[in-house]
Amino acid sequence: MASKASQTMSLKILVEKEKNRIVFVEANKDFVDVLFSFLTIPIGTIFRLTREHSLEGEIGCLNNLYESLEKLDEDFLSSEQKGIILHPRCATDIYCRNLKVNLAECNKSKYYACSDAVKRCSIVSYYQNDSCRCGKALHYEVNLLNPVSQGGIGFIKPAAQFMITDDFQVLPMSTMASLSLLGNFGALDGIKTEERMLNVGKDEVLKLLKCSLASRTPFSDSILEPPFSKTKPVINYGQYGPRMMNLSQRDVDSGNKDEKINLKLIITRSNNRVLYAEVDENFVYLLCSFLSIPIGYIIKEFPYFSFKGNLGNLRKSAQDLDVNKFFKSEEMKAILLDPKLAPGTSYDKKLIGIEEAVNLSFSTLFTLFEITVSGLSSKSPPGEVKIGGRLVKGPSMFMVTDSLSIAPLSPISGISLINRLNLPLSDIQELEVNMGEEETLRLLVASLVSRSALTDAFVLKETKQET
């Protein structure tokens, strides 16, 4: 295991003293690789990593989903299945496993091969219980040792240097660009600024990751001040905002009916808010799939998606940087701009059009790492299990609250909730929704930016107009 010292990175920061704001940061390849890796981390991993940092300004309600899945009884979700869902594998772990700060713990990832892999079969698998395309079982573990030079570390070329603004714009080093940034602060007088050196490790990077989701000034808010002291998340759905709908059966044409998921919303007539939804295992299965999606996919697919964060600037920086000057290859740049699911993590009812990454080849591994291959005992415990099968046991019915907490369906619990809220029974109404791709995408966005995901994804509250 790497020492804490080896996981520390040095940054030079320029601080505007009067406003106590970071103007920009000077950083090398090591830090920029870590920063760009944010785009490839699955949503579930982000919530698992950052929930211990009890910072004000939680994002959306996927934390409720994550915690309720942890607590779900083994009658519905076994401990092995929970491990798959709550610790989703990252499609870029081969490139991130030797970063200075390895947030997704990619060093723990393993790869498996059949007996003919080195000689004839070129593909290695993420999963021991998988089968090789030649039909043989995967009885060999591929051990990745030391990286070959800088080839097996990160996305950026060695020796590259960058300036990073407080709002996550990654820029090539430039005197004129730095003067322009100072001008934006009205700080052209050098007396108003101060140079500082800063060492950052895993704790600081985790705070920076969380601030990047909820702050317009993530560096300042994670380094100089108590986090989230100035900014709060706001909702801006853009083109995937809630649509006008009648409180009746909805069936929007969005693909094959067989690919739709049905749910019943229990809502209040008086204010058109969802109390909870009655769903089967397919809907819970769909919510589980949200956790395996890399955050960079959300940024790519929803250009109008805004939640007071700056990962959009980070992605745009990767897009604007010269691929020949700064990236190891066009493939490395493409990985950041179009993040994919890890192999074997797509679900049966695929209502989101994200692609799954292909399995790695031996030739790729050999160019990046020193490799040994060891045989596995027939008594060896199975490795990671791919998601392809049915994770949530069924037939089962569940209650999913407006904030995406999940529990087994209980009409008594539903009635108790209605009583606690002092709602008359005449105010309760049922709305049936058939979810296709469009509805799924709206729910995905709402789960990241709203504390009332079901209401904001499926129910549009009436607006009062003054004559």
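## About the model

This is a predicted model, in which local features need pLDDT of at least 70 and side-chain atom pairs count only at pLDDT 80 or more, while totals for chains, interfaces and linings use all residues. Residues are numbered from 1 along each chain as its sequence is written, and side-chain values use heavy atoms, with hydrogens and water left out.

## Overall picture

The protein has 17 helices and 13 strands. Both are DSSP runs numbered from the N terminus, helices being H or I with at least four residues and strands E with at least two. Of the 467 residues, 53% count as buried (under 20% relative accessible area; exposed is over 50%, partly exposed in between, with a 1.4 Å probe and protein chains only).

Contacts, meaning heavy atoms within 4.5 Å, can also be sorted by sequence separation. Among those between residues at least 6 apart in sequence, 75% join residues at least 24 apart.

## The five-stranded sheet

Back to the opening pair and its surroundings. An open sheet of five strands runs in the order β12-β11-β9-β8-β13, with antiparallel pairing; two strands pair if DSSP finds at least two bridges between them. The edges are held by β12 (406–408) and β13 (428–435), each with a single partner strand, so one side of each is left without a neighbour in the sheet. On average, neighbouring strands here are turned by 25 degrees against each other, direction ignored (axes are lines fitted to C-alpha atoms, for helices over the stretch in contact, and angles run from 0 to 180 degrees between N-to-C directions).

Strand β8 (residues 261–268) pairs with β9 (residues 273–280) over six antiparallel bridges. From β9, five bridges lead on to β11, where M399 is the bridge partner of E278. Strand β11 (residues 397–401) is in turn joined to β12 by three bridges, and V400 stands opposite I406 in β12.

## The β8–β9 turn

Four residues separate β8 and β9 in their hairpin. In the loop between these strands lies N272, which has a positive phi of about 50 degrees although it is not a glycine. N272 is buried, with a relative accessible area of 9%.

## A hairpin from β1 and β2

Strand β1 (residues 9–16) and strand β2 (residues 21–28) pair in the antiparallel sense over five bridges, with I13 facing V25 as its bridge partner in β2. This hairpin has four residues between the strands, and N20 takes a positive phi near 50 degrees.

Next comes β5 (residues 161–165), joined to β2 by five antiparallel bridges; there, E26 has M163 as its bridge partner. The loop between β4 (140–147) and β5 holds A159, another non-glycine residue with a positive phi, of about 75 degrees. At 71% relative accessibility, A159 counts as exposed.

## A helix pair

The axes of helix α11 (residues 311–320) and helix α13 (residues 330–337) come within 10 Å and cross at roughly 160 degrees. The two are therefore roughly antiparallel to each other (angles over 145 degrees; under 35 is roughly parallel, 65 to 115 roughly perpendicular and the rest oblique).

Where do the helices meet? R315, A318 and Q319 in α11 meet K333, L336 and L337 in α13. The residues of this contact divide into three nonpolar, one polar and two charged (Ala, Val, Leu, Ile, Met, Phe, Trp, Tyr, Cys and Pro count as nonpolar, Asp, Glu, Lys and Arg as charged, and the others, Gly among them, as polar).
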